[in-house]
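Subject: Structure for you to look at

Hello,

Here is the structure I promised to send. Please open it beside this email and follow along.

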Amino acid sequence: MPSIESSGSVPPAEFRAALGQFASGIAIMSTLQDGVAHAMTANAFTSVSLDPPLVLVCVDKGVRMHAAVLDCGYWAVSVLAGDQQPIADRFARSGRDLYSQFDGIGTVPGPKTGCPLVTGALSWLECRTWATYDGGDHTIVVGEVLSLGPGDPTDSSALLYHSSHYRRLPES
């Protein structure tokens, strides 16, 4: 095996540009901390295992959602439909008011955790934190899926993120 020397730091702008070519789905992760709903837009979300059913989300250590999800231990994910870009935009903005962030957005409490699920989403999952791992400036949060279901989308196309822009995957 060849010896690979570290060439130093990869420039952040180049790293972001390269990874931006990978299209990803968009989801809203939500949790409850002391009865207060927290949420964030996530594109670093994926399945991990079928047995047991595990998924992961990467959460920035510098946002308030980080402490909330680690404190609670339960969370939900709503996979957004193509017409839900305004919801993705809202929960991607930092500094929004915690207590009014869900105003005007349809949600229902998850049947197992009570965490907010976005109505009109393509699907949803409720999770219990299974493990956490250091991921540099993020924490990788692995969750055991406790319940899930299809959403009730008015638009069955998927919302994607690619090359720093939202895109819609057409209905099949």
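Helices and strands here are DSSP runs, numbered from the N terminus; a helix needs at least four residues and a strand at least two. On that basis the protein has three helices and twelve strands. Please keep in mind that this is a predicted model.

**Overall shape**

The protein has 172 residues, and a compact globule of that length would have a radius of gyration near 16 Å. The value here is 17 Å, which agrees. The C-alpha trace spans about 55 × 35 × 35 Å along its principal axes. Of the 172 residues, 40% count as buried. The accessible surface comes to about 9800 Å², and 56% of that belongs to carbon and sulfur atoms. Now take the contacts between residues at least 6 apart in sequence: 63% of them join residues at least 24 apart.

**The sheet**

Find the open sheet of seven strands. Its order is E3-E2-E6-E9-E10-E5-E4, and the pairing is antiparallel. Which strands stand at the edges? They are E3 (36–42) and E4 (45–49). Each has a single partner strand, so one side of each is left without a neighbour in the sheet. From one strand to the next, the twist averages 35 degrees.

Look next at E6 (residues 74–79) and E9 (residues 123–135). They run antiparallel and are joined by six bridges. Trp75 has Cys127 in E9 as its bridge partner.

**Helices on the sheet**

Helix H2 (residues 64–72) packs on the sheet. It touches E2 (27–33), E3, E5 (54–60), E6, E9 and E10 (138–150). The direction of H2 makes about 60 degrees with that of E2. Helix H3 (residues 85–92) lies across E2 and E3. H3 runs at about 110 degrees to E3.

**The cores**

In soluble globular proteins, nonpolar side chains tend to be buried together. Which residues of the largest nonpolar core touch the most other members? Of its 15 residues, they are Met29, Met40, Val57, Val59 and Trp75. Trp75 is also the bridge partner of Cys127. E2, E3, E5, H2, E6, E9 and E10 each supply at least two residues of this core. E5 gives the largest share, three residues.

Best wishes

How values were computed: Residues numbered from 1 in each chain as written. Predicted model: local features only at pLDDT ≥ 70, side-chain atom pairs only at ≥ 80, totals over all residues. Heavy atoms only, no water. Pairing = 2+ DSSP bridges. Axes fitted to C-alpha atoms, helices over the stretch in contact; angles between N-to-C directions. Contact = heavy atoms within 4.5 Å. Core = buried A, V, L, I, M, F, W, Y, C linked by side-chain atoms within 4.5 Å. Buried < 20%, exposed > 50% of the residue type's maximum accessible area, 1.4 Å probe, protein only. Rg over C-alpha atoms; globule rule 2.2 N^0.38 Å. Areas by Shrake-Rupley, 256 points an atom, 1.4 Å probe, with all protein chains shown as cover.
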